[in-house]
Amino acid sequence: MPLICLDPGHATLPAIAHQTEPIGPGSRVRKIKDGGGAPGEAPVALAIAQRTRALLERAGYRVAMTRSAPGYAGGNIARARFCNARRAALMIRIHADGSTDSTQRGVKTLVPALRRGWTDDIYTPSLSAARKVQAAVVRTTGAKDLGLVPRADLTGFNWADVPAILVETGFMTNPAEGHLLRTAAYQLKVARGLAAGAEAYAPMRRSTCKLRASIR
Ligand SMILES: [Zn+2]
């Protein structure tokens, strides 16, 4: 059974959030562990993750979550290592966007940029997963499709040894989308997309067996 690792962003303990850590193995560039995210983002990310977990478990997947409450006690290296240690088939980082331009709206998926020694092992599968998850979330939510965005500066990607993507599930700062993201009904739509995308990327082996059994 594939294990899907869900990483709801932010909600790091204040004493830890402002510490810095290297953005990749051996890097002298350091970034803050948690800048806090968009207003209202952390609880929305957690709610979407919990709904996604329920859907995936119902479909027979194993699911691990980096946090299941506020007050996370690590940085983005710790989040990546948590998923690495479990040999996740996919790490889905769940976030929502913020902008000073309140008309900005839509869903995008961030993917690791290619860098030898850091992401070359996960680059291609992460891109493949991102395409499937982005398409599925756009389909289930009807949100504007902002596509995929490669990022070289994300600590949580550069330390990942398993395929990793980060879904920006919408803009908290857009009045309409921000309202939707706070509703259970829309969180479930996002979760359905995340689960469907994960299932398309890492199908259950059991379904193949069932198919074989029915052929016999
Ligand atoms: Zn965020």
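Predicted model: local features only at pLDDT ≥ 70, side-chain atom pairs only at ≥ 80, totals over all residues.
**Strands, helices and loops**

Colleague: Is Arg87 buried or exposed, and what is its relative accessible area?

Modeller: Buried means under 20% relative accessible area, exposed over 50%, and partly exposed in between (1.4 Å probe, protein chains only). Arg87 therefore counts as exposed, its relative accessible area being 72%.

Colleague: Over what arc around the axis of H3 do its buried residues lie?

Modeller: Helix H3 covers residues 76-85, and its buried residues are Asn76, Ile77, Arg79, Ala80, Cys83 and Asn84. The arc is taken from the directions that lead from the helix axis to the C-beta atoms. These residues are placed on the same side of H3 because they cover an arc of only 165°.

Colleague: Which helix do the buried residues of H3 pack against?

Modeller: The packing of these buried residues involves the strands S1, S2 (20-22) and S5. Contact here means heavy atoms within 4.5 Å, and the helix among the partners is H5 (155-158).

Colleague: In what order do the 6 strands of the open sheet stand?

Modeller: Two strands pair if DSSP finds at least two bridges between them, and in this sheet the pairing is mixed. The edge strands, each pairing on one side only, are S4 (62-65) and S7 (145-151). Neighbouring strands are turned by 25° against each other on average, with direction ignored. The order is S4-S1-S5-S8-S6-S7.

Colleague: Which helix packs on this sheet, touching S1, S5 and S8?

Modeller: The strands it touches include S1 (3-8) and S5 (90-97). For directions, axes are lines fitted to C-alpha atoms, for helices over the stretch in contact, and angles run from 0 to 180 degrees between N-to-C directions. The helix's direction makes about 155° with that of S5, and the helix, formed by residues 184-201, is H7.

Colleague: At roughly what angle do the axes of H4 and H7 cross?

Modeller: Helix H4 spans residues 123-141, and its axis and that of H7 come within 7 Å. The residues of H4 that meet H7 include Pro125, Ala129 and Val133, while those on the H7 side include Tyr186, Val190 and Leu194. The crossing angle is roughly 145°.

Colleague: How many of the 6 residues of S1 are buried?

Modeller: Both faces of S1 are covered, with Leu3, Cys5 and Asp7 buried on one side and Ile4, Leu6 and Pro8 buried on the other. S1 is therefore largely enclosed by the rest of the structure, and the number of its residues that are buried is 6.

Colleague: Which residue in S5 stands opposite Asp7?

Modeller: S1 pairs with S4 in the parallel sense over 4 bridges, and there Leu3 stands opposite Arg62. S1 and S5 also run parallel, joined by 5 bridges. In S5, the residue opposite Asp7 is Arg93.

Colleague: Which residue in S8 is the bridge partner of Thr109?

Modeller: S6 (residues 107-112) and S8 (residues 164-171) run antiparallel and are joined by 3 bridges, and in this pairing Leu110 stands opposite Leu166. S5 is joined to S8 by 6 bridges, and these two strands run parallel. Ile94 stands opposite Val167 in S8, and the bridge partner of Thr109 is likewise Val167.

Colleague: At what relative accessibility does Gly98 count as partly exposed?

Modeller: Gly98 has its place in the loop between S5 and S6. Leaving aside its neighbours within four places in sequence, Gly98 is in contact with Ala38, Phe171 and Thr173. Gly98 counts as partly exposed because its relative accessibility is 39%.

Note on methods
Residues numbered from 1 in each chain as written. Heavy atoms only, no water.
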